[in-house]
Amino acid sequence: PRQPAKTLWYDRPRYVYLEFCVEDSKDVKVVIEDQRLVFSCKNADGVEFYNEINLYARVNSKDSREKRSDRSITCFMRKWKEKVAWPRITKENIKPAWLSVDFDNWRDWEGDEEVERAMVEQYAEV
């Protein structure tokens, strides 16, 4: 039986970030399309996780990436329309139980573009 992974998200001027909280993930698959993201993996105990998100707005799938760590898989998706705030990550105006705003990373955008660029470059180097 598959279950959704606990997921955190936050919004920035150029990118939207999603973090799938699965420790010791394996068989990670991330498919980023212009309007949708599909995530799947297994954890060390063999539990299968699967999330499918119809995105609030369009992203540039060619300029979107993911990065796996021991504790989670982070996806950053380039917005088609930069500097347009997303009030939510999902197209539908419903909030699944497994989805939360990442308040640790949520902040006002003012002067944030340099910080965001540095974060993306850091991810891209890995």
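**A chat about the pocket and the salt bridges**

Visitor: Hi! What volume does the largest pocket have?
Guide: Welcome! In this predicted model, the largest pocket has a volume of about 150 Å³.

Visitor: Which residues line the largest pocket?
Guide: Its lining is made up of Glu19, Cys21, Glu23, Ser69, Arg71 and Ser72.

Visitor: And how many of the lining residues are nonpolar, polar or charged?
Guide: The lining has three charged residues, two polar and one nonpolar.

Visitor: Switching topic: how many salt bridges are there in the whole structure?
Guide: A search finds nine salt bridges. One of them joins Asp11 to Lys79, with the closest N and O atoms 2.6 Å apart.

Visitor: Where do Asp11 and Lys79 lie?
Guide: Asp11 is in strand E2 (residues 6-11) and Lys79 is in strand E8 (residues 73-79), so this pair ties together parts that are 68 residues apart in sequence.

Visitor: Are Asp11 and Lys79 buried or exposed?
Guide: Both Asp11 and Lys79 are buried.

Visitor: OK, what does Glu52 meet in a salt bridge?
Guide: The side chain of Glu52 meets Arg36, at 2.7 Å from N to O. Glu52 sits in strand E6 (residues 48-54) and Arg36 in strand E5 (residues 36-42), 16 residues apart. Glu52 counts as partly exposed because its relative accessible area is 37%, and Arg36 is partly exposed too, at 25%.

Visitor: Which residues are linked in a network of salt bridges?
Guide: That network links Arg14, Asp63, Arg65, Arg78 and Glu82. Within it, the side chains of Arg78 and Glu82 meet at 2.5 Å, N to O.

Visitor: How accessible is Arg78, and what about Glu82?
Guide: Arg78 is partly exposed at 22% relative accessibility, and Glu82 is partly exposed at 30%.

Terms used: Residues are numbered from 1 along each chain as its sequence is written. This is a predicted model: local features need pLDDT of at least 70, side-chain atom pairs count only at pLDDT 80 or more; totals for chains, interfaces and linings use all residues. Side-chain values use heavy atoms; hydrogens and water are left out. On a 1 Å grid over the protein atoms alone, a cavity is a set of points where a 1.4 Å probe fits but cannot get out, and a pocket is an open set with protein on both sides within 12 Å along at least five of seven lines; lining residues have an atom within 4 Å of a point. Grid points are joined across faces, edges and corners, and a volume is the space filled by probe spheres set on the points. Ala, Val, Leu, Ile, Met, Phe, Trp, Tyr, Cys and Pro count as nonpolar, Asp, Glu, Lys and Arg as charged, and the others, Gly among them, as polar. A salt bridge is a side-chain nitrogen of Lys or Arg within 4 Å of a carboxyl oxygen of Asp or Glu. Helices (H or I, at least four residues) and strands (E, at least two) are DSSP runs, numbered from the N terminus. Buried means under 20% relative accessible area, exposed over 50%, partly exposed in between (1.4 Å probe, protein chains only).
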